[in-house]
Amino acid sequence: FAGAATVDIAAASEVGVESEPALSGIVVPPRSLIAVDLHSILPGRQAISAAIVTHQGRVVPGAVHDTGSDISGTAGLIAALDWYLPAPALEGVGRTLVLFAPGTTEAPFQIDVYGPDGLLEAAYEDVIPAQSQITIPVGDLLEGAGAIRVLSANPVAAALRFSGDGANAVVPGS
């Protein structure tokens, strides 16, 4: 955009809400790109969810995940109350549902599963603490291919992470 932006990155991982000072007060100059290497700032984390908190200006967020031999990218999501995610079954590839509640209140949610036997409503229910993430192995919800619907009381972001033999992808919900 034509003007500079100032943002914070609100991040959560498997250890909880992250409070690293390097994630605050990031200035994005006009018509430019700022790459923030979360792996270097938060070493050893297995799964990181991040929200951009804009204090001034406008930005378009995205993420790149690099394993050294494989790379994936995704656009930023706007947290919502209702998500659908296709869940294909790929041999040798793990599937994980990642849910992130970027807001300052907890987010009770339920997961409906669409599988070979039809719809199973409220197959899984839990609460995501404020500004936190949870990860759920899709195999705990669904055998084989299907679809997942996430319904939450407060806005969350939902994505499926695929990893395994020759696979590294993050697929956002819709």
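Which side chain makes a polar contact with the side chain of S13? The side chain of E18 does, at 2.5 Å. By polar contact I mean a pair of N or O atoms within 3.5 Å; within protein, one must be able to donate a hydrogen and the other to accept it, and residues adjacent in sequence count only if both atoms are side-chain atoms.

A word on the model. It is predicted: local features need pLDDT of at least 70, side-chain atom pairs count only at pLDDT 80 or more, and totals for chains, interfaces and linings use all residues. Residues are numbered from 1 along each chain as its sequence is written, and side-chain values use heavy atoms, with hydrogens and water left out.

Back to S13. It sits in strand β1, residues 5-13. Strands here are DSSP runs of E, at least two residues, numbered from the N terminus. S13 counts as buried because its relative accessibility is 4%; the cut-off is under 20% relative accessible area, with a 1.4 Å probe and protein chains only. Beyond four places in sequence, S13 touches E18, R45, A47, I48 and Q133. Contact means heavy atoms within 4.5 Å.

Now the cores. A nonpolar core is a set of buried Ala, Val, Leu, Ile, Met, Phe, Trp, Tyr and Cys residues joined through side-chain atoms within 4.5 Å. The largest has 23 residues, and L97, L99, I111, I148 and V150 have the most contacts inside it. Strands β7, β8, β9, β11 and β12 each give two or more residues to this core. β12 gives the largest share, six. A second, separate core has seven residues, including I9 and L23.

Notes
Helices (H or I, at least four residues) and strands (E, at least two) are DSSP runs, numbered from the N terminus. Buried means under 20% relative accessible area, exposed over 50%, partly exposed in between (1.4 Å probe, protein chains only).
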